[in-house]
Structure formats: C-alpha cells, structure tokens
Amino acid sequence: TGSPGNVYWLGGDLSSMPIYNEDGYIAGIILGMLNPGATAKTQSTINPYTQYTMPNGTQFWGVQAYFRDPDTICTSGQTKNGDVGDRLWINNGDGSGNYYKAPLKQDDDSLNAAGFQKGACFWQMGY
C-alpha cells in the first residue's frame, strides 16, 4: 500500500520519512521500521501500524502522522501558505481513513476528554 503525497527516506533509514504535498510543502511524516524482530512484528500488526511496499518491493511497517488534510495532499493548489500545517492527525491504521486527532494546544480537559493521558519528559527528550 502507499501513502498520499511524496514520501522520502534518507540512506535507507525508514525511521522518519517526511511526506510532502503536491505543492511541495511538508504535509506529514511516516515513522517506519524495516524487518522488525519477532516481538515487534507481532506488535506491528496492531493498529495504528500500516504495511507499506516500496517501489523496489521492500515491505515495511509504519505510522502516518499528518500536519495537513490527507484528502488534499495530492491536489495541487491546496496550500495557502508555507506554514507547517493546521493539525496533527495520526492514521489509525485500519484502512478506514479514520485518524487519532491530537489537539494543537495543550489543554488537559480536552485532551483527557479525547482519551489522551498525560506523560512526562524523559531521558534525552529535546536532546
């Protein structure tokens, strides 16, 4: 399966692949893993992971996150400005086109109501 937009990877590293829209602006990212180990492979079949096939036939698993409306990524003229985006939507991986929609502003009440749980900074965060 593919992803909307133009996806790039650097030197065979699939861990963080930017997605660009038809107008050439950043639209999202795929966080991928190639050849996961036995435990990871079991976990990768659970949503929100999606299986992808590269043009050379290589398959990998990844999570898509979008900063722009994924339905307009492949349509020219949809970018009104060069801003990074207006959303953070994470594909839920079930093929239905549904997304986990993260609020763009930290508000504990709305985050809790949406089912998010507060975490904390951890070692090397912001390193």
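**The core and what surrounds it**

The largest nonpolar core has 10 residues: Leu14, Met17, Ile19, Ala27, Ile30, Tyr52, Met54, Phe60, Tyr66 and Ile73. A nonpolar core here is a set of buried Ala, Val, Leu, Ile, Met, Phe, Trp, Tyr and Cys residues joined through side-chain atoms within 4.5 Å. β2 (17-20), β3 (26-33) and β5 each supply at least two residues of this core. Buried means under 20% relative accessible area, exposed means over 50%, and partly exposed lies in between (1.4 Å probe, protein chains only).

This is a predicted model, in which local features need pLDDT of at least 70 and side-chain atom pairs count only at pLDDT 80 or more, while totals for chains, interfaces and linings use all residues. Residues are numbered from 1 along each chain as its sequence is written, and side-chain values use heavy atoms, with hydrogens and water left out.

The protein chain has two helices and seven strands, arranged along the sequence as β-β-β-α-β-β-β-β-α. Helices (H or I, at least four residues) and strands (E, at least two) are DSSP runs numbered from the N terminus. Of the 127 residues of the protein chain, 25% count as buried.

Met54, one of the core residues, is in contact (heavy atoms within 4.5 Å) with Trp9, Leu14 and Phe60, leaving aside neighbours within four places in sequence.

In a regular strand the side chains alternate between the two faces of the sheet. β4 pairs with β5 in the antiparallel sense over four bridges; two strands pair if DSSP finds at least two bridges between them. Gln51 stands opposite Trp61 in β5. The two strands form a hairpin with five residues between them, and Gly57 in the turn has a positive phi of about 95 degrees.

Thr58 is also found in the loop between β4 and β5. Thr58 counts as partly exposed because its relative accessible area is 27%. The side chain of Thr58 makes a polar contact with the side chain of Asn56 at 2.8 Å. A polar contact is a pair of N or O atoms within 3.5 Å; within protein, one must be able to donate a hydrogen and the other to accept it, and residues adjacent in sequence count only if both atoms are side-chain atoms. Beyond neighbours within four places in sequence, Thr58 is in contact with Leu34, Tyr52 and Thr53.

Where does Arg68 lie? Arg68 is in the loop between β5 (59-66) and β6 (88-91). Arg68 is buried yet has no salt bridge, and the nearest side chain of opposite charge, Asp86, is 6.5 Å away. For charge, Lys and Arg count as positive and Asp and Glu as negative; His and the chain ends are not counted. The side chain of Arg68 does reach the backbone oxygen of Ile26 at 2.8 Å.

The structure holds one salt bridge, defined as a side-chain nitrogen of Lys or Arg within 4 Å of a carboxyl oxygen of Asp or Glu. Asp86 forms a salt bridge with Arg87, the closest N and O atoms being 2.8 Å apart.

Asn21, in the loop between β2 and β3, counts as buried because its relative accessibility is 4%. Asn21 touches Asn6, Ala27, Arg68, Ile73 and Thr79, not counting residues up to four places away in sequence.
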